[in-house]
Amino acid sequence: MVKQKRIPIKITPCPITEAILEIRFDSKYPDEAVFGILYKDFSNTFPNLTPTPLPILNIPELIRKQDLNFKFQPHYSLKQDNLSLQIGPKVISLINTGEYIGWGTFSRKFREYLEIAQKGDVFESITRIGLRYVNFFDNNILLNSDLTIKLPDEEINSQNIFLKTIFQSGQFKSLLQIANDANFILNGKNGSVLDIDTYIEQKILFSQVNQLLETGHAEEKKLFYGLLQQSFIDGKLNPEYT
(Lines give C-alpha, C1' and ligand atoms only; values in the text may rest on other atoms or scores of the structure.)
Protein backbone atom coordinates (compact mmCIF):
# COMPACT_ATOMS: atom_id res chain seq x y z
CA MET A 1 0.00 0.00 0.00
CA VAL A 2 1.41 3.41 -1.02
CA LYS A 3 1.36 5.94 1.80
CA GLN A 4 -1.14 8.76 1.24
CA LYS A 5 0.20 12.29 1.38
CA ARG A 6 -1.04 15.80 0.76
CA ILE A 7 -0.54 16.37 -2.98
CA PRO A 8 1.00 19.64 -4.23
CA ILE A 9 -0.39 21.44 -7.27
CA LYS A 10 3.18 22.28 -8.35
CA ILE A 11 6.79 21.49 -7.49
CA THR A 12 9.96 23.32 -8.49
CA PRO A 13 12.15 22.34 -10.21
CA CYS A 14 9.78 20.15 -12.19
CA PRO A 15 11.40 16.69 -12.64
CA ILE A 16 9.25 15.71 -15.67
CA THR A 17 11.38 15.15 -18.78
CA GLU A 18 8.67 13.52 -20.89
CA ALA A 19 4.88 13.28 -20.58
CA ILE A 20 2.69 11.11 -22.81
CA LEU A 21 -1.09 10.96 -23.19
CA GLU A 22 -2.37 8.06 -25.29
CA ILE A 23 -5.54 6.38 -26.42
CA ARG A 24 -5.75 3.07 -28.23
CA PHE A 25 -8.74 2.25 -30.36
CA ASP A 26 -10.33 -0.04 -32.87
CA SER A 27 -11.45 1.50 -36.16
CA LYS A 28 -13.89 0.48 -38.85
CA TYR A 29 -11.39 1.73 -41.45
CA PRO A 30 -8.46 -0.30 -42.86
CA ASP A 31 -5.14 0.38 -41.10
CA GLU A 32 -3.67 2.12 -44.15
CA ALA A 33 -6.60 4.56 -44.33
CA VAL A 34 -6.63 5.78 -40.72
CA PHE A 35 -3.68 8.17 -40.94
CA GLY A 36 -4.97 9.81 -44.11
CA ILE A 37 -8.35 10.48 -42.52
CA LEU A 38 -6.81 11.87 -39.33
CA TYR A 39 -4.14 13.91 -41.09
CA LYS A 40 -6.77 15.62 -43.21
CA ASP A 41 -8.58 16.67 -40.03
CA PHE A 42 -5.43 17.55 -38.06
CA SER A 43 -3.78 19.55 -40.86
CA ASN A 44 -5.69 22.65 -39.78
CA THR A 45 -3.95 22.39 -36.42
CA PHE A 46 -0.54 21.65 -37.96
CA PRO A 47 -0.83 23.64 -41.23
CA ASN A 48 2.88 24.17 -41.91
CA LEU A 49 4.25 20.78 -41.01
CA THR A 50 4.91 17.68 -43.06
CA PRO A 51 4.24 14.42 -41.23
CA THR A 52 7.42 12.57 -40.31
CA PRO A 53 7.37 8.79 -40.88
CA LEU A 54 8.53 6.87 -37.82
CA PRO A 55 11.06 3.99 -37.98
CA ILE A 56 8.38 1.30 -37.69
CA LEU A 57 7.44 1.98 -41.32
CA ASN A 58 10.80 0.53 -42.34
CA ILE A 59 9.54 -2.86 -41.16
CA PRO A 60 7.60 -4.78 -43.83
CA GLU A 61 3.83 -4.48 -43.42
CA LEU A 62 3.33 -8.25 -43.24
CA ILE A 63 5.67 -8.49 -40.23
CA ARG A 64 4.05 -5.46 -38.55
CA LYS A 65 0.62 -7.06 -38.78
CA GLN A 66 1.79 -10.44 -37.48
CA ASP A 67 3.75 -9.13 -34.48
CA LEU A 68 1.54 -7.91 -31.60
CA ASN A 69 4.41 -5.72 -30.35
CA PHE A 70 3.80 -3.44 -33.34
CA LYS A 71 0.00 -3.33 -33.12
CA PHE A 72 -0.23 -0.10 -31.14
CA GLN A 73 2.87 1.67 -32.44
CA PRO A 74 2.44 5.09 -34.09
CA HIS A 75 3.48 5.43 -37.73
CA TYR A 76 3.72 9.20 -38.17
CA SER A 77 4.62 12.20 -36.03
CA LEU A 78 3.50 15.81 -36.28
CA LYS A 79 5.72 18.12 -34.22
CA GLN A 80 4.99 21.61 -32.98
CA ASP A 81 7.39 23.24 -30.50
CA ASN A 82 7.91 20.74 -27.66
CA LEU A 83 4.75 18.78 -28.49
CA SER A 84 4.55 15.81 -30.83
CA LEU A 85 1.28 14.30 -32.01
CA GLN A 86 1.85 10.68 -33.03
CA ILE A 87 -0.65 8.66 -35.04
CA GLY A 88 -0.94 4.99 -35.86
CA PRO A 89 -3.71 2.74 -37.16
CA LYS A 90 -4.86 2.03 -33.60
CA VAL A 91 -3.26 4.75 -31.47
CA ILE A 92 -3.10 8.52 -30.97
CA SER A 93 -0.60 9.97 -28.51
CA LEU A 94 0.52 13.44 -27.54
CA ILE A 95 4.07 13.75 -26.23
CA ASN A 96 5.51 16.70 -24.31
CA THR A 97 9.31 16.60 -24.19
CA GLY A 98 11.55 19.07 -22.41
CA GLU A 99 9.79 21.74 -20.35
CA TYR A 100 6.45 20.43 -19.13
CA ILE A 101 3.55 22.69 -20.13
CA GLY A 102 1.38 21.63 -17.20
CA TRP A 103 -1.56 19.27 -16.90
CA GLY A 104 -4.20 21.88 -17.69
CA THR A 105 -2.71 22.86 -21.06
CA PHE A 106 -1.43 19.38 -21.91
CA SER A 107 -4.73 17.59 -21.29
CA ARG A 108 -6.74 20.36 -23.00
CA LYS A 109 -4.71 20.05 -26.20
CA PHE A 110 -5.05 16.28 -26.15
CA ARG A 111 -8.82 16.51 -25.72
CA GLU A 112 -9.01 18.97 -28.62
CA TYR A 113 -7.22 16.48 -30.91
CA LEU A 114 -9.50 13.68 -29.77
CA GLU A 115 -12.57 15.80 -30.52
CA ILE A 116 -11.25 16.36 -34.05
CA ALA A 117 -10.61 12.62 -34.47
CA GLN A 118 -14.07 11.80 -33.15
CA LYS A 119 -15.65 14.04 -35.79
CA GLY A 120 -13.71 12.07 -38.42
CA ASP A 121 -15.49 8.94 -37.16
CA VAL A 122 -12.34 6.81 -36.92
CA PHE A 123 -13.17 5.42 -33.45
CA GLU A 124 -15.22 2.26 -33.49
CA SER A 125 -14.30 1.76 -29.85
CA ILE A 126 -11.66 3.05 -27.43
CA THR A 127 -9.81 0.24 -25.65
CA ARG A 128 -7.14 1.95 -23.53
CA ILE A 129 -6.32 5.33 -22.00
CA GLY A 130 -2.77 5.85 -20.72
CA LEU A 131 -0.83 8.63 -19.01
CA ARG A 132 2.91 8.25 -18.69
CA TYR A 133 5.38 10.53 -16.90
CA VAL A 134 9.15 10.10 -16.98
CA ASN A 135 10.85 12.00 -14.13
CA PHE A 136 14.57 12.62 -13.65
CA PHE A 137 16.25 13.38 -10.32
CA ASP A 138 19.93 14.26 -10.00
CA ASN A 139 20.31 12.00 -6.95
CA ASN A 140 19.62 8.44 -5.89
CA ILE A 141 15.84 8.75 -5.62
CA LEU A 142 15.55 5.51 -3.63
CA LEU A 143 17.39 7.19 -0.75
CA ASN A 144 14.72 9.91 -0.78
CA SER A 145 11.75 7.56 -1.06
CA ASP A 146 9.58 5.61 1.35
CA LEU A 147 10.28 2.51 -0.71
CA THR A 148 12.72 0.16 1.00
CA ILE A 149 14.35 -2.81 -0.72
CA LYS A 150 16.04 -5.24 1.68
CA LEU A 151 17.98 -8.44 1.75
CA PRO A 152 18.06 -10.18 5.11
CA ASP A 153 19.72 -7.71 7.50
CA GLU A 154 20.81 -5.39 4.66
CA GLU A 155 19.13 -2.48 2.89
CA ILE A 156 20.28 -2.14 -0.72
CA ASN A 157 18.74 1.20 -1.76
CA SER A 158 22.23 2.65 -2.16
CA GLN A 159 23.12 0.02 -4.79
CA ASN A 160 22.42 0.40 -8.52
CA ILE A 161 18.88 -0.91 -8.93
CA PHE A 162 16.28 -1.26 -11.66
CA LEU A 163 12.80 -1.93 -10.30
CA LYS A 164 9.65 -2.70 -12.29
CA THR A 165 6.26 -3.43 -10.73
CA ILE A 166 2.53 -2.80 -11.22
CA PHE A 167 0.14 -1.18 -8.74
CA GLN A 168 -3.65 -1.49 -8.92
CA SER A 169 -5.87 1.38 -7.75
CA GLY A 170 -9.56 1.29 -8.58
CA GLN A 171 -10.04 0.85 -12.32
CA PHE A 172 -6.48 1.90 -13.09
CA LYS A 173 -3.15 0.12 -13.07
CA SER A 174 0.21 1.88 -12.84
CA LEU A 175 3.41 0.42 -14.23
CA LEU A 176 6.20 1.80 -12.05
CA GLN A 177 9.82 1.67 -13.21
CA ILE A 178 12.67 3.10 -11.15
CA ALA A 179 16.32 3.16 -12.17
CA ASN A 180 18.88 4.71 -9.83
CA ASP A 181 21.90 3.62 -11.88
CA ALA A 182 24.57 6.31 -11.48
CA ASN A 183 25.48 5.80 -15.15
CA PHE A 184 22.23 7.47 -16.23
CA ILE A 185 23.04 11.02 -17.34
CA LEU A 186 20.75 13.90 -18.35
CA ASN A 187 22.08 17.36 -19.21
CA GLY A 188 25.46 16.37 -17.83
CA LYS A 189 24.06 15.22 -14.48
CA ASN A 190 23.98 11.71 -13.07
CA GLY A 191 20.77 10.65 -11.44
CA SER A 192 17.68 8.47 -11.29
CA VAL A 193 14.57 7.91 -13.37
CA LEU A 194 11.10 7.45 -11.90
CA ASP A 195 8.76 6.35 -14.70
CA ILE A 196 5.00 5.89 -14.09
CA ASP A 197 2.58 4.68 -16.77
CA THR A 198 -0.99 4.83 -15.44
CA TYR A 199 -3.62 3.20 -17.63
CA ILE A 200 -7.07 1.67 -17.93
CA GLU A 201 -7.85 -1.13 -20.40
CA GLN A 202 -11.51 -1.79 -21.16
CA LYS A 203 -14.19 -0.76 -23.62
CA ILE A 204 -14.50 3.01 -23.16
CA LEU A 205 -17.18 5.33 -24.46
CA PHE A 206 -15.96 8.60 -25.94
CA SER A 207 -18.15 10.45 -23.44
CA GLN A 208 -16.11 8.84 -20.62
CA VAL A 209 -12.69 9.95 -21.86
CA ASN A 210 -12.46 13.35 -20.14
CA GLN A 211 -13.37 12.01 -16.70
CA LEU A 212 -11.05 9.02 -17.06
CA LEU A 213 -8.17 11.30 -18.03
CA GLU A 214 -8.68 13.31 -14.84
CA THR A 215 -9.04 10.19 -12.70
CA GLY A 216 -5.92 8.63 -14.21
CA HIS A 217 -3.94 11.83 -13.63
CA ALA A 218 -5.02 11.87 -9.99
CA GLU A 219 -3.98 8.23 -9.58
CA GLU A 220 -0.57 8.92 -11.13
CA LYS A 221 0.06 11.89 -8.82
CA LYS A 222 -1.03 9.91 -5.77
CA LEU A 223 1.51 7.18 -6.58
CA PHE A 224 4.29 9.65 -7.44
CA TYR A 225 4.03 11.66 -4.22
CA GLY A 226 3.24 8.57 -2.17
CA LEU A 227 6.65 7.16 -3.07
CA LEU A 228 8.65 10.22 -2.01
CA GLN A 229 9.68 11.09 1.53
CA GLN A 230 7.83 14.12 2.86
CA SER A 231 11.13 15.65 3.98
CA PHE A 232 12.43 15.41 0.39
CA ILE A 233 9.26 16.99 -1.04
CA ASP A 234 9.37 19.86 1.46
CA GLY A 235 13.14 20.35 1.44
CA LYS A 236 14.01 19.97 -2.24
CA LEU A 237 10.91 20.36 -4.43
CA ASN A 238 9.39 23.63 -3.14
CA PRO A 239 5.81 22.31 -3.09
CA GLU A 240 2.84 24.62 -3.65
CA TYR A 241 -0.49 23.58 -2.21
CA THR A 242 -4.01 24.82 -2.73
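By the ring-pairing rule used here, the count comes to 10 aromatic pairs; rings of Phe, Tyr and Trp (its six-membered ring) pair if their centres lie within 6.5 Å, with planes under 30 degrees apart called stacked, over 60 edge-to-face and the rest tilted. One of these joins Phe25 and Phe123, whose ring centres sit 5.0 Å apart with planes at 65°, so the pair is edge-to-face. Phe25 belongs to strand S1 and Phe123 to the loop between helix H3 (103–119) and S6, so the pair ties together parts 98 residues apart in sequence. Helices (H or I, at least four residues) and strands (E, at least two) are DSSP runs, numbered from the N terminus.

The model is a predicted one, in which local features need pLDDT of at least 70 and side-chain atom pairs count only at pLDDT 80 or more, while totals for chains, interfaces and linings use all residues. Residues are numbered from 1 along each chain as its sequence is written, and side-chain values use heavy atoms, with hydrogens and water left out.

On to the sheet. Nine strands make up an open sheet with antiparallel pairing, in the order S2-S3-S4-S5-S1-S6-S13-S10-S9; two strands pair if DSSP finds at least two bridges between them. Strand S2 (52–53) and strand S9 (162–169) are the edges, each pairing on one side only. S9 pairs with strand S10 (residues 172–179) in the antiparallel sense over eight bridges, and Gln168 has Lys173 in S10 as its bridge partner.

S1 has a partner on each flank in that order. With S5, S1 pairs in the antiparallel sense over seven bridges, and Ala19 finds its bridge partner in Asn96 of S5. Helix H1 (residues 31–42) lies across strand S1 (16–26), strand S3 (76–80), strand S4 (83–88) and strand S5 (91–97), at about 145° to S4. Contact here means heavy atoms within 4.5 Å; axes are lines fitted to C-alpha atoms, for helices over the stretch in contact, and angles run from 0 to 180 degrees between N-to-C directions.

Most residues other than glycine have a negative phi, and most peptide bonds are trans. The bond from Thr12 to Pro13, however, is cis, with omega near 0°; Pro13 sits in the segment before S1. Asp81, in the loop between S3 and S4, has a positive phi of about 55° despite not being a glycine.

Lastly, the largest pocket. A pocket is an open set of points on a 1 Å grid over the protein atoms alone, where a 1.4 Å probe fits, with protein on both sides within 12 Å along at least five of seven lines; lining residues have an atom within 4 Å of a point. The largest pocket is lined by 20 residues, with Ile9, Lys10, Cys14, Ile16 and Tyr100 nearest its centre. Strand S6 (125–137) and helix H4 (209–227) are the elements that give two or more residues to this lining, and H4 gives the most, with five.
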